[in-house]
Amino acid sequence: MRKLPDSLVRLLIVIAGLASVVLCIRFLVLPRSLTDMELHKQSAVERELEKPIQFAGSGICQECHEDEPATLAAGYHSTLSCETCHGPAQAHIDDFEYKPKAPRQRDFCPVCHMYDPSRPTGFPQINPIAHNPLLPCIECHDPHDPVPPETPRSCEACHAEIARMKAVSHHVQLECKVCHEATNEHMLHPRAEKPTKPANREFCGSCHAEDSDTVATPHIDLKTHGGRYLCWQCHYPHFPEAS
Amino acid sequence: MLRRKLLKMLTGALPGLTILTDPFARLLAQDEETAAQELPLYGMGIQVDRCIGCGNCMEACKAENNVPPEPTHMRTWVERYVIDSNNEVHVSLLNSRNRTSSQIDEQRNVLRTFFVPKLCNQCENPPCVQVCPVEATFKTEDGVVLVDNERCMGCGYCIQACPYGARYLHPETKTADKCTFCYHRISQGLLPACVNVCPTQARVFGNLKSPASPLTRLRRLKKINVLKPSLNTAPKVLYTDLDGEVR
């Protein structure tokens, strides 16, 4: 057997020495949390768990508030959490002096209810410019139970497209029955008995003629405007536009 | 001379060598492996046909998790899809601060349009975990991918590797940040902030293993899709009513 060259032996000794130093550092000097993957994960998880909570969750409000949660659960807004409107409220629970915001202003509700073509069909939407302008929404709708004061849902059930169109039009405030007389029979056998439809220009003129006493309604000269044509030959009555 | 150079080189490599010993350490540790008790496996369902694009989830997430206000930094976000009559797909980000003005272009001939909420998919096979050079990002036993922001050095590999664009570099800590399913909340039995504020139950949260969780019911009732299934990342964010054009 050939003897290893001296230099190689020495090198091997150095390497062995270094290796033992490395192992020493690895197992004796370095803190466990730096080398042990499990420990390092655990400490990261613990730091994650210690993060402060902002949103208290939907269940806890009813421990102190009785009316609002009960009303909310029974109405159209039952799927909303208190904090969706009132904002993060953990601070309020820790200290009542901190009041959650109560969004009373008119631009709050349209975040969800403004008409937007990407929203799923059937979601109740309004045109905030045309829908009862100037008044705060909560003047007419209780935010915790927002049923409209009068819900003409029955016509909407079958004439959804007309109802949706009207809901974002200038005629949003006019109920169907202003222009159509519909009997109960129509609801049951729609084709057997049809509701009435406006018959002449004077009908629209009752609100739009210059001598009518309606306010906040654009007025036209009934005699000349649009010639002898019926109003709805030019204006779609459920979505009237002045152009 | 040569010897000294070699010696220097070896000492320089000391820290590196220390890390190399890791596999041995792990082998040793394996004996102590505890019998895993029945841990939950968290997941989220997204019912696309319910999203109204109100953006409350984005704002709640920022408030809960201290996410910087810029729209480029998001743990969860909502995309508006518009598919026009040429079948071209236009995707835009819902701006959380200026929600009402994000109307779609009136000129475009719209075939269909909808909102898609997105977030980290908490993949079972997370590409971000694979590429992290310092193992700062890892999967917990209940299935959530976390970032150890003390170990993370902000190299950004994981941000590149994520096929869903779910990660960003936090401008203050200079480390990678992403959705944690609100780990600090769910481990206390609270819902993630985005789920808490969602008004239409477009977001559903639960334990994938439990027969009584709302997610299990969702999976039974609806056809489930995941994003980019061909990548085999096995996401735990499950979509229902997902349009074929969504990427």
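This dialogue discusses how to read several features of a predicted model.

Student: Where should I begin with chain B, and how many helices and strands does chain B have?

Tutor: Begin with the elements of secondary structure. Chain B has nine helices and 11 strands. Next, consider how chain B is folded upon itself: among its contacts between residues at least 6 apart in sequence, 63% join residues at least 24 apart.

Student: What share of the residues of chain B counts as buried?

Tutor: Of its 247 residues, 49% count as buried. The accessible surface of chain B comes to about 12,700 Å², and carbon and sulfur atoms account for 53% of that surface.

Student: How should I read the size of the contact between the two chains?

Tutor: The size of an interface is often given as the accessible area lost when the parts come together. Here, the area buried between chain A and chain B is about 4,200 Å², with 62% of that area given by carbon and sulfur atoms. Three residues, A:E48, A:F55 and A:S118, supply 14% of the area that chain A buries against chain B, more than any other three residues.

Student: How many residues does the contact take from each chain?

Tutor: The contact takes 45 residues from chain A and 56 residues from chain B.

Student: How many residue pairs are in polar contact across this interface, and which helix of chain A gives the most to the side that touches chain B?

Tutor: There are 15 residue pairs in polar contact across the interface, both residues being at pLDDT 80 or more. Several helices of chain A, namely α1, α2 (32-35), α3 (37-49), α5 (82-86) and α7 (110-113), each supply at least two residues of the side that touches chain B. Helix α1 of chain A gives the most, with nine residues.

Student: How should I read a salt bridge, and how many cross the interface?

Tutor: Side chains of opposite charge can pair when their charged atoms come close. Three salt bridges are found across the interface of chain A and chain B, while the count over all chains comes to 15. The side chain of A:R47 meets that of B:E150 in a salt bridge, at 3.6 Å from N to O. A:R47 also meets B:D148 in a salt bridge, at 2.9 Å from N to O. B:D148 lies in the loop between β6 (145-147) and α6 (157-161) of chain B and A:R47 in helix α3 of chain A, so the pair joins two chains.

Student: Are B:D148 and A:R47 buried or partly exposed?

Tutor: B:D148 counts as buried because its relative accessibility is 3%, under the cut-off of 20%. A:R47 has a relative accessibility of 25% and therefore counts as partly exposed.

Student: Which parts of chain B does the salt bridge between B:D177 and B:R75 tie together?

Tutor: The closest N and O atoms of B:D177 and B:R75 are 2.8 Å apart. B:D177 lies in strand β8 (residues 176-177) and B:R75 in the loop between α4 (56-65) and β2 (76-84), so the pair ties together parts that are 102 residues apart in sequence. B:D177 counts as buried at 12% relative accessibility, and B:R75 counts as buried at 3%.

Student: Where do B:K222 and B:D241 lie?

Tutor: These residues form a salt bridge in which the closest N and O atoms are 3.0 Å apart. B:K222 lies in the loop between α9 (214-221) and β10, and B:D241 in the segment after β11 of chain B, so the pair ties together parts that are 19 residues apart in sequence. B:K222 counts as partly exposed at 28% relative accessibility, and B:D241 is partly exposed at 38%.

Student: What should I look for in the backbone, and what is phi of B:K228 near?

Tutor: Look for a positive phi in a residue other than glycine. Phi of B:K228 is near 45°, a positive value in such a residue. B:K228 lies in the loop between β10 (224-225) and β11 (237-240) of chain B and is partly exposed, with a relative accessible area of 32%. B:A234 lies in the loop between β10 and β11 as well, and its phi is near 55°.

Student: Finally, which residues form the nonpolar patch on the surface?

Tutor: A:L4, A:L8, A:V9, A:L12, A:I13 and A:I15 form this patch, with about 510 Å² of accessible area together. One of them, A:I15, lies in helix α1 (residues 6-29) of chain A and is partly exposed, with a relative accessible area of 38%.

Methods. Residues numbered from 1 in each chain as written. Chains lettered and ligands numbered in written order. Predicted model: local features only at pLDDT ≥ 70, side-chain atom pairs only at ≥ 80, totals over all residues. Heavy atoms only, no water. Helix = DSSP H or I, 4+ residues; strand = E, 2+ residues; numbered from the N terminus. Buried < 20%, exposed > 50% of the residue type's maximum accessible area, 1.4 Å probe, protein only. Contact = heavy atoms within 4.5 Å. Areas by Shrake-Rupley, 256 points an atom, 1.4 Å probe, with all protein chains shown as cover. Patch = residues over 30% accessible without salt bridge, like charges linked within 9 Å, V, L, I, M, F, W, Y side chains within 5 Å. Salt bridge = Lys/Arg side-chain N within 4 Å of Asp/Glu carboxyl O. Buried area = accessible area lost by both parts, 1.4 Å probe. Polar contact = N/O pair within 3.5 Å; in protein donor to acceptor, adjacent residues only side chain to side chain.
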